[in-house]
Amino acid sequence: MDNKFPLKGIRFTDFSWYAAAPFVTRLFAAYGAEVIRIESGTKLDGMRWQSPRKPDVTPTYNISGMYNNYNPGKLGITLNMNHPDAMGIVKELVSISDVVIDNFIPGAMEKWGLTYEELAKMKPDIIVATMPVTGKTGPYSQWRGFGTSIRTMAGLDYVTGNPDRPPIGTGMAAWPDFTCNPYHAAAAILSALHHRHKTGRGQFIELAQFESTVCWTETLVLDYTVNKRVQTAKRNRVPNAAPHGVYRCQGEDREVSYCAMPDSAPESRNKDERWCAIAVFSDEEWEAFCGVIGNLSWTQEERFASFLGRKEHEDELDRRVEEWTIERSPEDVMALMQAAGVAAGVVQDGEDLLTRDPQLKDHGFYVYHDHPEAGRIAHDGLTFALSSTPGEIRRAPLLGEHNDYVYKEVLGFAEEEVNRLITDGALE
Amino acid sequence: MLEPPYRGCIIDRVKSSDTALGDLRVLDLTSPMGVYCTKQLADLGADVIKIEPPGGDPSRAIGPFYHDEPHPEKSLFWFHFNTSKKSITLDIESPDGKELFKTLVKTADIVVETFQPGYMDGLGLGYAALKEVNPGLILTSITPFGQTGPYKDFKASDLIGLAMGGFLFICGWEDEPPTRVACSQAYNVASANACAGTLIALYHRDMTGEGQHVDVSMQQCVAAGLQWVTQMYDLQNRIMVRSGRLGVPLNECKDGWAMVIPMVDWDDFVGWLESGGGAADLTSDERYKDHEYQMRPEVRQHIIEVTDAFTKSHGKKLVCEEGQKRHVIAIPCNTAEDVVENPQLLARDFFVDVDHPELGATLKYPGAPYRLSETRWRIGGRAPLVGEHNVDVFGKELGLTAERMAQLKGQGVI
């Protein structure tokens, strides 16, 4: 028995694009589902042209770093959905699929006639999942947005960062695209597969990315509906810990290239963005923390003796802590604190993650594959280890790479039929 | 105009009272790092039993509190994360507690725990031991760095998870220390990955009958969601750093902020600014239509300034509604109040009222993260009181007598 891939036997007809929904099928593909991604050269997934790319490789739509990281292990086929033959092909594909997924604007699937009702005629126990931005219904159903917009709409940006400056949230990082929205969708689909296993029935799942992200705002909603409190940003501070922050550490006498945005001009400077996060919750941890920094005289001052005192003088406390950390590398700060049982961690950058972190190395987190056009490239790895069925990150497909396999072997089309579809432009 | 909420939408026609996971029993030994995993399972119908140490779970001390009155039965944090669950108290470190736990494991499908690696093994309750009791069991362990490796014993909170996973480094202003994203996102992402991992293991068990151990690393969960950090370094040897406002096309409105992304439909965008008399040189210069040109930091800054001049004279809701009508991606930077009063969420009946009889109140909660047509997501009830289901579980289900329960209570076991 092949125990490696627990989801072997599940087939997806995958209409997803950009990030949030491809991230769902990324997870399913890693655990063995056969994910057939439908793409078209007539309307490319925007991710295929996204930076970053390798600078010394001919730029094609097959070398986008993000596309290749978001789509490992999937089968790529091309199909021009506006071609008259497309619907017949979709029908055949859906009739042998378990799940259909899309994250188009509401109305796009319907325009092709691919409503849940129609899809269920093609495959009665089909599970259909759609991931619109704000939902299929409602006054804002046609609103457009990216992961960054969903984050700000859901209230996360307003409570993130520095309350005295504009709410920049998590900057360019479209956090919900890689977290709540795909993993919520995955949970919903997996729960539906369990239900199908019990009852033989499929169903329709709608995940409005806005709603899904509001579910990730902890007590933001309840604090308002119950206490009428509008929570605000608190930098790195939390009510139940002090010190609790990010402290500058010793820089490295070594030049690296930083960039604020993928397309911004190179900025070479010493690796001076070195920080360590420290979180001290209990009095016991405070004692341990003081021990690590050699019980410096200020730590013995009366005003820092109690938690309430530390909280009251937190600005001063943070300044003192940084006087100590700035003399040390963040790795040293972390090691010393952890040895004493204090939670601390290097604020790791891309280089730290990919080349230094011994934990990620030990787990083989980053997965490298040779890509036919991009060469050897890194992929983010698995986030959990399943003891019996570990799964695997494979490489992403080239545009239409699996046309032959899918059209001939999965759908059983004859060679001439495939050739005709190509000539007629159905597979563009 | 807006149709009445969900009329004609398939979701509204759910007839079945079935839940997706109603046949499953879950034992919940999670701290805040994993509590959202079991909330998801519970709201999808699983019978989740929160096992609290006698005296109550430490997370009951996390605020904010109902009417700001600190009390173990008034923590909004507890309320939010423990909907649809039951609660028993049990000291799993005591010999009797261990036996009772093992008895519960016999009929459980899933155990979710967040103890330090080795702790459960030390109690004789590790995966190998529990598998003996119940071969089909799925044990999900959520820890900061996973069960193995040089950092496995490191302590970590949400902040440390964000730091070590690489997300913290790219968050915040360029001239300030990296600044965490709010609402415990490292815990959330660890929990959500754990839930997906658990359900993948469940599918495998449905097919084969075999249980397994799911070992979740919060660090890896964070590191897998960094957008382009990995690729920028891998492909270009460049380190992504905080972009500050440069990375966020944020515009000032009369009453707050809106995120206006001009890159998608430049003509629509400029036409909209023009209609308000505020497009400046963005109309005349063809170069602005080029995406690469738009993305240059100094150009981006200029676009923000021109847009700001326009948006400052309007409220954010109007700016966004009008912008979206013109296909501009315009999104209000919502506060909690804006979210609770958002026309879209209200029209879709997103929020859920949950009764709290002890408080004599009905509280409004965030609703479904996903809407399933056959197996309704629902909040099956408010979060449990400390040990609320001790009698149901220990007495009715396990058959302990009142005397035995009193004895165990006296010994501090339950």
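**Figure 1. Packing of helices α1 and α7 in chain B of the predicted model.** Helix α1(B) (residues 35-43) packs against α7(B) at an angle of about 45°, and their axes are 7 Å apart; axes are lines fitted to C-alpha atoms, for helices over the stretch in contact, and angles run from 0 to 180 degrees between N-to-C directions. This makes α1(B) oblique to α7(B), given that angles under 35 degrees count as roughly parallel, over 145 as roughly antiparallel, 65 to 115 as roughly perpendicular and the rest as oblique. The crossing of α7(B) by α1(B) is right-handed; a crossing has this hand if the near helix is turned clockwise from the far one by less than a right angle, and is left-handed if anticlockwise. From α1(B), Val35(B), Tyr36(B), Cys37(B), Gln40(B) and Leu41(B) make the contact, and from α7(B), Tyr187(B), Asn188(B), Ser191(B), Ala192(B), Ala194(B), Cys195(B) and Thr198(B). Two residues are in contact if their C-beta atoms, placed from the backbone, lie within 7 Å. The contact of α1(B) with α7(B) has eight nonpolar, four polar and no charged residues, where Ala, Val, Leu, Ile, Met, Phe, Trp, Tyr, Cys and Pro count as nonpolar, Asp, Glu, Lys and Arg as charged, and the others, Gly among them, as polar. Helices (H or I, at least four residues) and strands (E, at least two) are DSSP runs, numbered from the N terminus. This is a predicted model, in which local features need pLDDT of at least 70 and side-chain atom pairs count only at pLDDT 80 or more, while totals for chains, interfaces and linings use all residues. Residues are numbered from 1 along each chain as its sequence is written, and chains are lettered from A and ligands numbered from 1 in the order in which they are written.

**Figure 2. Helix α8 of chain A against helix α7 of chain B.** The axes of α8(A) (residues 180-199) and α7(B) are 9 Å apart, and the two helices pack at an angle of about 20°. α8(A) is therefore roughly parallel to α7(B). Their crossing is left-handed. On the α8(A) side, the residues that meet α7(B) include Cys180(A), Tyr183(A), Leu190(A) and His197(A), and those of α7(B) include Asn188(B), Leu199(B), Tyr203(B) and Asp206(B). By class, the contact of α8(A) with α7(B) comprises 13 nonpolar, six polar and one charged residue.

**Figure 3. The contact between chains A and B.** Chain B contributes 139 residues to the contact and chain A 140 residues. On the side of chain B that touches chain A, α7(B) gives the most, with 16 residues. That side of chain B has 81 nonpolar, 38 polar and 20 charged residues.

**Figure 4. The largest nonpolar core and Cys276(A).** The largest nonpolar core has 258 residues, of which Ala129(A), Ile189(A), Ile205(A), Cys276(A) and Ala277(A) touch the most other members. Helix α7 (residues 185-208) of chain B supplies the largest share of this core, 13 residues. A nonpolar core is a set of buried Ala, Val, Leu, Ile, Met, Phe, Trp, Tyr and Cys residues joined through C-beta atoms within 7 Å. A residue is buried if 20 or more other C-beta atoms lie within 10 Å of its own, exposed if 12 or fewer, and partly exposed in between, with C-beta atoms placed from the backbone. Not counting residues up to four places away in sequence, Cys276(A) touches Tyr247(A), Cys249(A), Thr325(A), Pro330(A), Val333(A), Met334(A), Ala344(A), Val346(A) and Val347(A).

Figure 5. Asp57(B) lies in the loop between β2 (47-52) and α2 (76-81) of chain B. Asp57(B) counts as buried because it has 24 C-beta neighbours inside 10 Å. Its C-alpha atom is separated by 7.9 Å from that of Val386(B), 329 residues apart along the chain. Pro64(B) is also placed in the loop between β2 and α2 of chain B, and the peptide bond that joins Gly63(B) to Pro64(B) is cis, with omega about -5°.

Figure 6. Pro52(A) is found in the loop between β2 (34-39) and α2 (65-70) of chain A, and a cis peptide bond runs from Ser51(A) to Pro52(A), with omega near -5°. Asn295(A), although not a glycine, has a positive phi of about 45°. Asn295(A) belongs to the loop between α11 (283-292) and α12 (307-312) of chain A and is exposed, with 11 other C-beta atoms within 10 Å. Ser184(B), also not a glycine, has a positive phi of about 50°. The loop between α6 (158-164) and α7 of chain B holds Ser184(B), which is buried, with 28 other C-beta atoms within 10 Å.
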